[in-house]
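Hi,

Here's the model I promised to pass on. Have a look, and my notes follow below.

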Amino acid sequence: MALLLPGIAFAQATPPAAAAVSDPWAVFEQPSFDRVTGVDGLPHDATTALIQDAWGRLWLGTLAGLVRYDGQRMQLFQQGSQENGDLPDGYIRALLALDGGRLLVGTNAGGLALFDPGTRRFERIALGAGKILNTKIFTLRRARDGQIWVTSDLGLDRYDPASGRVTQVPVQDIVTSSQSTRIFDVQEEPSGRLWVGANPGLYVREPGQKAFSRVQGEGALAETLASDLVWMLYRDRKNRLWAGTGRMGVFVIEPDGRQWAPAQVSGQGGLTQGRTVRAFAELPDGRLWIATEGNGIVQCLQDCAQARLLQSDIGNPYSLSGDGVRDLLIDRGGNVWAATNAGLSRYDPNARMTLNISGSTSLAPELAGNSVASILVDDRKRIWLGLAKGGLEVIDLSAGTIRHVALPGIHAAQYVRAMLQVDSGKIWVGTLGVLAIDPDTLQVQGEVLPDVSKKRVIVLAHDGKDVLVGTYDGVYRMSGSSGEMSRFRHVPNDPDSLINDQVQGISEAGGRRWYATVGGLSVRRLDAPGLANLRHDPADPSSLPQNYVTAVLEDPRHQRLWVGTYGGLAWLQTPLPDGRYPFHALGVAEGMRDAHVDAIVVDDDGDLWASTARGITRVDGDTLQVAALGARDGLRIGGFSHDAGLRGPNGEVLFGGAWGLTVVRPQQVASAAEDSSALPLEITGMTVNGAARYGDAPPAVGQQIPLAEDERNILVDFALLDYRTPRETSYAYRLVGFDTRWNEVPAGVPPSAVYTNLPTGSYTLELRAQTRGLHARTLQASYPLVVAPRFFETWLARLLMLLSVLMLVLLVLYLSHRWSLRRASALSRIIDDRTRELRDANERLDAMASIDALTGLLTRRRALEVSETALQDARKTARPMSMLMIDLDHFKAVNDTWGHLAGDTALATASRTIAQRCRGADVVGRYGGEELMVCLPGSGAQGACELAERLRIALQELRIRHGEATLELTASIGVASLMEADRGLADVLARADQALYVAKRSGRNRVVLSLGPNGETQAVDGH
C-alpha cells in the first residue's frame, strides 16, 4: 500500500536557509586523520562497525573478528566454537553497547550475539518466527522504551535487554524486491512514529498503528522513493530525518513532512557518485558527515549548501584510510571515527587551531608534493603563495576560492622565494629575476628589473619608495624616483659592507634596517650612516645564537625585536641602546623542540610564533614561556621553509613548508584549552597471578584493589581514553609505599604497571599521563591497593612465634647453664691450654679455605655455602634475596694483550671495586676465572637491579694503571631474585647465569633481569 500520510505533504522543497559560516577558512579545511590498521593490531584492515562501551573503550567490527581498543592496545575476539561461547561469525556488521558493559553484536551470517563482560562469552540470540540463529544483521537501533530494534534478512524484531525476550514485528505491508523481507534500517521518533528503510522505499508506521504505509515523493524524489533502496536513516538535532539510499544519494524529511534533496549529495551526479550511503555523523559545530561505500565521506556545511569530499590520498598520510566507509562514530571525547575498507580513521574536531592546505584532494591540488616557499597578503586581503616547484596560488577567503597562477618561460618551474606588492598595486614575484603580475587579471606582465634578470631572488622589500632586492650576490636597490639600480655587497676587510652576500631577509624595525644573511646580521640606522655587523661570539652569551639568520621582526606591544636563527630565537629590548645589541636567547634549553628556526611571526597579541624543522613553537609575549604545538592543536606536520611566514588578513599565523600552507588561528588558543576532568585516565585491564581480574569491567578511579594473601603478582593496563594523541602522550606509574620514584613507560610501548612478589602491605597505585601541545596537561589517577598478609605474617602468628622463641631461648639458657657448671672445672684447664692453639689453627685453615688469594674475595665453595645459608634464611623469614652473576667483558683480550700479570691486577682491582660497594651482609665471591658472584640477602629484584647498575657503571669508569698501560673494563651482569618456584640456590644461580648469557649476547656491558624459570628476561632501563 503506497499513500500520503494524513496532514503531511510530501512535496519536494528547497532546503531551509542556513546561517553563514563564520570561519573564513572552513571551506578550505581538510580534516587530518590518524590511521589505525593491521600494523597496529587490527585482524583485518576492512573495518565495518564502531561503538563505545560504558567504560569508554572502543569496539571495532572487522571482516575477521571483533576488537576492543583503548587507544594503546587491542584485544581480539574471533570466530570459534559455540560450546566455548566464542564469536559466531568473524564478519561484524553492527554493534550496540548496553548497560553493564554488555555488547550486542550483529554478524553477517551468524546472526545476533550478546557479549557478557563477566563471563567473556557470546550468547547467541534467535530471531524471527522460526527462532533462527544464522542470519544477516543489518542494524541495531534503540527504541524509545529502552528495547532494541533489530533489522535483518528475516525482517524486523524487538529485543528486550532486561528479559532477553525477542518479539517479531509484523512487516507484511512492506513489499520488497527480494524473496525475504529486506529491512535495512529503522528510526523511532519520541512520539512513537516508526520509519523503516527497505529495498526498495521508505515506510512509516504511525503511533498506535500496526500497519506500515509506503512514503511517496514528487518530482525527482518520486523515482528515488519508488525504486531505490533506503539503507541508512538518521535523525539530526533539528528532528529532521536524513535518508541514505543505494544509488541516489540523500534526501531529507522535515518535521512538518516536507521533503527535499540536497543538490550536491543527491542523484548519481552528486558527490556520493551513486554509491550506497552507509552512515551519518553530525559534528558539534554543525558539519554533517555522510559516509559512502566507495567514494569517501561527504562533508556538508549549511545543510549541504556547501559540500566537499574527504577521500583517501595516497600522497597524504593524514587523509582518510580508505574510500569505502562503512560506519561513523562520535565518541565521548568528541573524536570522529570512520570505519573504512583500509583501516580505521580518527578525526579530532577539537584540534582545529591549525589547519593545513595541501594534497591532491584539497582545493589546491597543485600543492600536492609542493612546498610553499613564500607568502604575501595583498591590499585586498588575498593570500599569495609562492611554490617551490614554480607558480603561485592565490587564496581569496571572501570568495572561498584558490586560483593557480603559472609563470612563463624559465620561471615556470623555479623556486618562488619572494613576493612584494609595489605602490602601483602590482605583485612583484622573485624567481630568476623579478616578474610583475596584474592583481586584477592575475596575468603575468613580464620582467621588471633587467639588472637582476636570471639572478636568484631571495627577498623583496620596501625602503620608502625604493625597492630592495636580496640575492645570493648582495642587495640591489631600485630607486622609486629614477628607476636606477644600485648594489651593495660584502667587501672583505670593509666593516661598513654587508656581512654576507646571501641575504635571507630584509626588514625595518626599531629605527633600523636589518639585513638577515647566512653569515650574520647587518644593521643600518635610518637616521645615520654606517653599518653594524653582528655575529655569533662563543665567548659572549649576549651575542647572536648563530650566524645563519632567517628573519627579524618587531613586537611593538612588548617593545621587543625578535631574530630567528639556525641556533634558536633571540630578542632585543627596544628602544635599542646606541652601539650595543645585547641579545637574549631562547633555545632547546628553554623548551623549544628544535633550534632550527625557519620563519617567525608576531600575532595581534604580541605572541611570537616560530616554524622550525620539527614543528611550530609559540613564545608567550607576556611571560616568554615557550610551548610547542602538537597534534592536540591540530599540527601534524613539520618541515617548514625559511622566509615563508606571515600574519594573515584576519590575525592568522601563516607558515609555508613541504606540506603546503599551515594556518594557525591564535584566536582559538583560549577556546582550545581542555578540561582535565574530560581526560579519563583509567585502568583498562588487569591480571593478578596471570588471571584476568574484574572480567572486562575495570575498577573505578579511587576504588580499592584487594589482593589475597597468595596474590603477589599484578599487571595493570591503563590508558588515557580520550584517544586524541596516543603517540604524543607519555605515561608513568608508581606504587606509593613500594617505589621511590615514577616508572616511566618507554615511548611506543602500551602503558602497563607490572609488579611481582609484592610484600604484604597497603599501597597506592598512581597512574600518570602527560599530554603535549599548547595546553599540555598532567593527569593522575589513584587506586588504593592492599596485599593481605600470609598467615605467618599476621599478628597472632607473630605473637606465637615470639613466645616460642622466648621459651626456647630460656630453655637453652637453663640447660646451658647446668651443663656449664658440671663441666666447667673439667674443661677449664683443657680450654686454657688449647684455646690459643685451636684459634690460631682455625684462623689459618679458614683463611686458606675461604679467601681467594688473588682477589681477596670468598672462594667459590665458601661463597656458595654462605649463599645457601642466606637462601634458607630468606625462605624462613619470607624476605627477598637476589643473586648477581658478573663477568668481566673481553677479559681474555686483557691477558692476551698485556699479559697475565696485568690481568691479575685488573681482576683484583675490579673485585675490590665490587666489594667496596656492597653491604656488610652481602656475600661477594670469586665464582671462577673472571666471573664473580654476589648474594644480596634482603634485596628484591628492584634493589638488586639498582645495585647491579651501580656496579656496572663503577667498573666501566675504572682506569687501571699497569706499567705504561691504562686498562679499561666493562662487565655484563645477570640478576635473579628468589622465586617460589626455585627449588634451591642452584635454580637461582642458573637463572642469574641465563640472564648473564642474555646480557653478553645482547652486546655486553649491560644488566639483564631474569623474570622467571622459563628464560624470560628484561633489560634494565639504566643502560
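Four strands make up an open, antiparallel sheet, ordered β18-β19-β20-β21 (strands are DSSP E runs of at least two residues and helices H or I runs of at least four, numbered from the N terminus; two strands pair if DSSP finds at least two bridges between them). At the edges sit β18 (230–235) and β21 (259–260), each pairing on one side only. Between β18 and β19 (residues 241–245) there are 5 bridges, in the antiparallel sense, and Tyr 234 has Trp 242 in β19 as its bridge partner.

Bear in mind that this is a predicted model: local features need pLDDT of at least 70, side-chain atom pairs count only at pLDDT 80 or more, and totals for chains, interfaces and linings use all residues. Residues are numbered from 1 along each chain as its sequence is written, and side-chain values use heavy atoms, with hydrogens and water left out.

On to the helices. Ala 910, Thr 913 and Ile 914 in α5 meet Leu 951, Ala 954 and Leu 955 in α6 (contact means heavy atoms within 4.5 Å). That contact divides into 5 nonpolar residues, 1 polar and no charged (Ala, Val, Leu, Ile, Met, Phe, Trp, Tyr, Cys and Pro count as nonpolar, Asp, Glu, Lys and Arg as charged, the others, Gly among them, as polar).

One last thing: strand β29 (residues 354–357) gives the largest share of the lining of the largest cavity, 3 residues. That lining divides into 8 nonpolar, 8 polar and 4 charged residues (a cavity is a set of points on a 1 Å grid over the protein atoms alone where a 1.4 Å probe fits but cannot get out; lining residues have an atom within 4 Å of a point).

Cheers
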